[in-house]
Amino acid sequence: MTVKKIPKIAVVGGRTWGHMHLRAFSQLQRNGDCNLVALVDLDESILSQRSAEFGVSTFTDLDTMLDEVKPDGVSIAVPDHLHHQVAAKCLSRGCHVLIE
């Protein structure tokens, strides 16, 4: 019998698109398909709101989140010019990446 591995998912960017990703992963979590574990954003007020809504750990620093949480996958919902920088860092840590 194969045991299903439930991936740990983090979201980087908590505004409009990130909020949508959090909602989608939250639904997948309710279905038992993932564990939504963390959100990274620079805005403390966004982190506070999203933490209250989704119950995720929050971080203002990507490296700290990657070190502490060790997610299997990261959903990146930051401005376009930051995609490469964030994705490269996540990929270098062995994370699967989804870029919005």
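In α3, the residues L62, M65, L66 and V69 are buried. Because these four cover an arc of only 95 degrees around the axis, they fall on the same side of α3. The model described here is a predicted one, and in it the buried residues of α3 pack against β1, β2, β3 and β4 as well as against α4, which comprises residues 83–92. The helix itself, formed by residues 62–69, lies across β1, β2, β3 and β4 and runs at about 155 degrees to β2. At the start of α3, the backbone nitrogen of D63 has a side-chain oxygen of D61 within 3.3 Å, whereas just after the helix K70 adopts a positive phi of about 50 degrees.

The sheet is open and consists of five strands in the order β3-β2-β1-β4-β5, with parallel pairing. Its edges are formed by β3 (57–59) and β5 (96–99), each of which pairs on one side only. Neighbouring strands of this sheet are turned against each other by 20 degrees on average, when direction is ignored. Helix α1, spanning residues 16–30, also packs on the sheet, where it touches β1, β2 (35–40), β4 and β5, and its direction makes about 160 degrees with that of β2.

Within the sheet, strand β1 (residues 8–12) pairs with strand β4 (residues 73–76) in the parallel sense over four bridges, and A10 stands opposite V74 in β4. Both of these strands are among those that α3 lies across, and both are also touched by α1.

Technical notes: Residues are numbered from 1 along each chain as its sequence is written. This is a predicted model: local features need pLDDT of at least 70, side-chain atom pairs count only at pLDDT 80 or more; totals for chains, interfaces and linings use all residues. Side-chain values use heavy atoms; hydrogens and water are left out. Two strands pair if DSSP finds at least two bridges between them. Helices (H or I, at least four residues) and strands (E, at least two) are DSSP runs, numbered from the N terminus. Axes are lines fitted to C-alpha atoms, for helices over the stretch in contact, and angles run from 0 to 180 degrees between N-to-C directions. Contact means heavy atoms within 4.5 Å. Buried means under 20% relative accessible area, exposed over 50%, partly exposed in between (1.4 Å probe, protein chains only). The arc is that of the directions from the helix axis to the C-beta atoms. A polar contact is a pair of N or O atoms within 3.5 Å; within protein, one must be able to donate a hydrogen and the other to accept it, and residues adjacent in sequence count only if both atoms are side-chain atoms.
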